[in-house]
Number of protein chains: 2
Amino acid sequence: MGRITDELWNRIREKRDRYLGILEELLSFPSIAATGEGMDEAPDHVVEVLERVGLRSHLFTDHGGYPVVWGELREERHGTLLIYNHYDVQPPDPLEKWTSPPFKPSIRNGRIYARGACDNKGNLAARLCAIDLLMDVIGEVPLNVKFLIEGEEEIGSPHLSKFFQNHSEILGADACLWEMGGTSPSGRPLIYLGAKGILYLELVASEKRTDLHSSWGAIIRNPAFELIHLLSTMRDRKGRVLIEGFYDDVQMPDKDTLALLDELGDFESELKAIGGEDGLLSNKPSKDLLVDLTLMPCINLCGIVSGYIGQGSKTVLPGSASAKIDVRLVPRMRPEKVLELIQKHVERVSNGRIAVRPLDMGYPAARTHPREPFVELIARTASAAYGVKPLIYPSAAGSGPMYLITDFLKIPCVAAGIGDHLSNIHAPDESISLENYLRGILHIALLTINFVPFLRGGDTPYL
Amino acid sequence: MGRITDELWNRIREKRDRYLGILEELLSFPSIAATGEGMDEAPDHVVEVLERVGLRSHLFTDHGGYPVVWGELREERHGTLLIYNHYDVQPPDPLEKWTSPPFKPSIRNGRIYARGACDNKGNLAARLCAIDLLMDVIGEVPLNVKFLIEGEEEIGSPHLSKFFQNHSEILGADACLWEMGGTSPSGRPLIYLGAKGILYLELVASEKRTDLHSSWGAIIRNPAFELIHLLSTMRDRKGRVLIEGFYDDVQMPDKDTLALLDELGDFESELKAIGGEDGLLSNKPSKDLLVDLTLMPCINLCGIVSGYIGQGSKTVLPGSASAKIDVRLVPRMRPEKVLELIQKHVERVSNGRIAVRPLDMGYPAARTHPREPFVELIARTASAAYGVKPLIYPSAAGSGPMYLITDFLKIPCVAAGIGDHLSNIHAPDESISLENYLRGILHIALLTINFVPFLRGGDTPYL
């Protein structure tokens with residue numbers, strides 16, 4: 001560890017209670033964009049925390065959706081880092097599977113449990129604390145930092161592009177740090193150079209009648225079976241999408257991108273830890289699984305419901321059935337074109353009897369090239385903060401509206417953060433390790449102080 | 001109308017309030033066998049009503065399940081009619097689709113709405129009122145009547161065969177009137193000479209992991225898709241079951257049975273009223289649809305659930321998925337053999353990853369032959385009560401443990417009752433028309449007083 005790294009790390013440990021307090025404050029209120037729960041108060045709570053670490057803040061609402069919280073250190077310095085986060089979280093269902101209440105942070109065995117602990121309030125807190133830390137240790141933050149904290153990421157960021165259009169004048173930056181990231185099961189920091197795009201749809205089969213006694217099922221159509229038939233035509237048993245034209249715009253990865261995958265090494269034990277023994281869709285080699293996970297599009301079934309789902313038995317012929325699916329997109333796939341392909345498929349297979357309802361507008365994928373200098377800066381500071389070389393993924397498996405950074409602002413965008421393989425994001429008992437949280441603060445602080453020297457001359461003097 | 005028929009009908013109209021009161025009393029308490037709601041008190045409520053019409057009653061519990069309520073007129077007369085009903089009802093879900101609360105009977109436009117109005121408390125009430133009516137008008141009931149009122153019909157009557165074994169000495173009778181029936185949309189009384197058997201199963205796909213972020217869906221197995229694939233291999237799009245050996249024991253109907261279907265006439269407009277425009281599984285001719293509905297086995301999907309089913313979007317890879325299916329059986333199909341066929345199919349298609357859980361034990365189908373004299377008696381008295389010839393179905397499309405009557409007691413068993421095509425049994429806003437209820441009382445009264453003369457000499461003097 002270098003001298004400055006050392007000093008920062010010691011100070012982080014001294015200020016541990018303050019930094020946990022900031023995290024807990026963010027985790028103590030619901031902010032569920034899907035249902036609206038807590039969304040009236042949430043932006044103000046975020047503003048309070050921003051001001052606590054010395055950022056000037058502003059709420060933007062003119063894009064039409066939930067407010068964007070904007071935080072800035074107005075220092076008029078050379079060099080600007082844009083930091084993207086979101087304060088909205090996924091719904092906590094199924095509630096009964098949480099060990100402690102989702103909006104009452106609980107610390108157990110070195111981890112903090114709450115909805116949003118990892119995705120995305122933990123990441124936001126670590127970055128805010130990094131600012132706090134630098135002000136404390138070196139008395140300044142030696143560049144402009146801009147926090148863009150949106151409130152609709154978990155519902156597909158439907159109004160964010162409008163925000164970018166309305167406020168392009170304040171968005172100027174040299175690079176962007178994206179919202180998410182973490183460490184591998186072996187403790188190596190994970191860095192992501194992109195994110196998939198997404199499309200979220202509901203498929204609804206609805207008959208022109210009420211529920212009926214199930215004996216009518218012998219001759220009257222069952223919308224649940226209709227929906228099942230449709231879904232079985234959309235994906236084969238190994239996960240390959242069967243919709244005509246779906247893969248048309250998918251490009252093969254280039255040399256540099258494939259080289260990243262080679263460096264990731266064997267992925268299998270990690271996958272077994274996550275998916276369970278015998279939990280994989282196919283028995284492909286590890287590298288091919290990585291290609292599927294990070295570089296290929298896919299369709300997932302997030303939920304399905306029809307008829308009687310209570311206790312015991314009820315003999316009923318349901319009147320309707322519905323499913324929620326997400327479609328993950330890779331670069332060059334346009335959401336509106338993919339939607340059209342799916343609509344055409346559903347229309348043909350269901351004879352027009354099943355409706356396709358886009359729940360979010362969706363957005364395309366984004367990538368930053370592995371040879372982009374900012375990637376090297378993130379990697380070098382991660383090595384210093386965690387004491388071990390990072391693993392660099394060409395793209396996250398998940399989605400985010402990163403295309404607004406790479407395609408609209410046209411600056412590099414990289415993700416690094418505080419989660420791990422036990423974080424259960426979007427699921428019950430979401431959590432982060434406190435160690436990762438504190439290391440994350442250190443990483444962002446190191447990234448921040450080395451930003452300007454590195455962009456100027458490729459040097460990282462403060463490590 | 002004959003003199004006695006006339007006299008009975010007039011008296012029914014005079015005593016309308018008393019008869020509606022008896023019905024409302026039965027409809028005012030929940031008795032949901034599937035969840036247990038109200039089942040502690042329900043048998044006692046039924047006993048109170050039996051005693052109100054002069055029946056001696058007894059609760060049997062030694063078969064192990066919810067009590068069987070037994071009611072009897074001990075008159076030591078020649079000739080015995082056994083009457084089968086059940087006091088348990090289907091769960092009222094989805095509750096929000098009821099216009100008035102399911103266990104608070106509500107009269108609107110000549111109909112009474114409540115869970116169990118038709119299935120089966122309305123039928124029970126009409127039969128009890130018929131006894132009350134005869135005592136009132138002619139001062140006696142000229143035969144032995146035995147009421148067998150069970151509490152587990154809606155969950156597959158799992159303990160009823162034990163009851164029959166334990167108490168065969170009290171069950172002696174010349175014929176049995178089964179629980180259900182009604183009128184056609186054109187007002188003709190419907191008579192059923194049998195019932196299908198049933199098997200009710202839950203299919204459960206469960207992974208050895210929690211819910212995950214849906215981006216893992218690119219390479220990790222989705223139990224909802226696994227279940228969907230399985231279900232799509234169980235039934236084709238026209239409803240034909242694809243499980244090997246499923247139809248092996250199904251026999252072609254005989255001449256007399258097919259002749260009944262010929263007399264039923266065109267079924268199409270009735271079907272459209274029930275299933276909705278374009279609601280049929282296939283475009284077969286009417287008579288073939290009747291064959292499928294009454295004489296063929298089938299598989300129905302009663303419910304399916306997995307993942308996020310709340311409002312808006314949530315991107316999750318579910319950890320489990322489950323479906324409830326019912327299988328309707330026809331004569332000669334044995335439930336335990338069909339269960340084995342399904343288990344084998346599920347094991348093969350899912351590679352042992354989906355579990356089959358029988359929710360009820362199930363029971364076989366039952367039929368009484370069209371040439372059985374009791375059929376003629378029911379039909380003749382129905383003609384007199386409703387003023388129009390009945391429609392006779394070789395079997396109901398629905399199920400009931402009627403095989404205990406036809407195969408264990410070895411006596412004829414026929415169903416006639418008070419429902420209609422608007423009754424919504426097993427569904428929200430279950431109801432019967434008050435007119436049908438009162439006609440039903442008349443029918444059972446006529447059946448009762450003509451029973452002994454007809455069995456003796458084929459005569460029906462009291463019509």
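These are my notes on a predicted model with chains A and B.

**Ground rules**

I number residues from 1 along each chain as its sequence is written, and I letter chains from A and number ligands from 1 in the order in which they are written. As this is a predicted model, local features need pLDDT of at least 70 and side-chain atom pairs count only at pLDDT 80 or more, while totals for chains, interfaces and linings use all residues.

**Confidence**

I looked up the scores before anything else. Chain A averages a pLDDT of 94, and 99% of its residues score at least 70; pLDDT is the predictor's confidence in each residue, from 0 to 100. A reminder to myself: where pLDDT is low, the predicted coordinates should not be read in detail. For the model I noted ipTM 0.86 and pTM 0.85.

**How the two chains are related**

I checked the superposition of chain A on chain B: it takes a rotation of 180° with 0.1 Å of shift along the axis, and the RMSD is 0.1 Å. Which C-alpha of chain A is nearest the axis? I found V305(A), 2.2 Å from it. The same surface serves both copies, since 100% of the contact residues of chain A recur in chain B.

**The A-B interface**

How many residues of chain A are in contact with chain B? I got 75, facing 75 residues of chain B. Contact here means that the C-beta atoms of two residues, placed from the backbone, lie within 7 Å.

I then listed the elements that give two or more residues to the side of chain A that touches chain B: β12 (212-213), α6 (223-232), α8 (268-275), α9 (286-295), β13 (298-307), β14 (316-317) and β15 (320-329) of chain A. Helices (H or I, at least four residues) and strands (E, at least two) are DSSP runs, numbered from the N terminus. The largest share, nine residues, comes from β13(A).

By residue type, this side of chain A divides into 33 nonpolar, 27 polar and 15 charged.

**A sheet across both chains**

Two strands pair if DSSP finds at least two bridges between them. In this pairing, S306(A) stands opposite I304(B).

Both strands belong to an open, antiparallel sheet of eight strands, in the order β16(A)-β11(A)-β15(A)-β13(A)-β13(B)-β15(B)-β11(B)-β16(B). The edges are the β16 strands (354-358) of chain A and chain B, each pairing on one side only. From one strand to the next the twist averages 25°. Such angles are taken between N-to-C directions of lines fitted to C-alpha atoms, for helices over the stretch in contact, and run from 0 to 180 degrees.

On the chain B side I looked at β11 (197-206) and β15 (320-329), which run antiparallel and are joined by 10 bridges. One pair there is L201(B) with I325(B).

**Domains of chain A**

The assignment, automatic or from a database, gives domain 1 (3-195 + 366-457) and domain 2 (197-250 + 296-358) of chain A. Their centres, taken over C-alpha atoms, are 35 Å apart. Four residues of domain 1 are in contact with five of domain 2; the domain 1 side divides into one nonpolar, two polar and one charged.

**A three-stranded sheet**

In chain A I also found an open antiparallel sheet ordered β4-β5-β20. β4 (106-108) and β20 (431-433) are its edge strands. β5 (111-113) joins β20(A) over three bridges, with Y113(A) opposite S431(A). Helix α13 (434-457) packs on this sheet, touching β5 and β20, and its direction makes about 70° with that of β20(A).

I spotted a cis peptide bond from D119(A) to N120(A), omega near 20°. N120(A) sits in the loop between β5 and α4 (121-137) of chain A. In chain B, a cis bond likewise joins D119(B) and N120(B), omega about 20°.

Last entry: N351(B) is not a glycine, yet has a positive phi of about 55°. I placed N351(B) in the loop between α10 (335-350) and β16 of chain B.

Methods. Ala, Val, Leu, Ile, Met, Phe, Trp, Tyr, Cys and Pro count as nonpolar, Asp, Glu, Lys and Arg as charged, and the others, Gly among them, as polar. Copies are superposed by least squares on the C-alpha atoms of residues with pLDDT of at least 70 in both.
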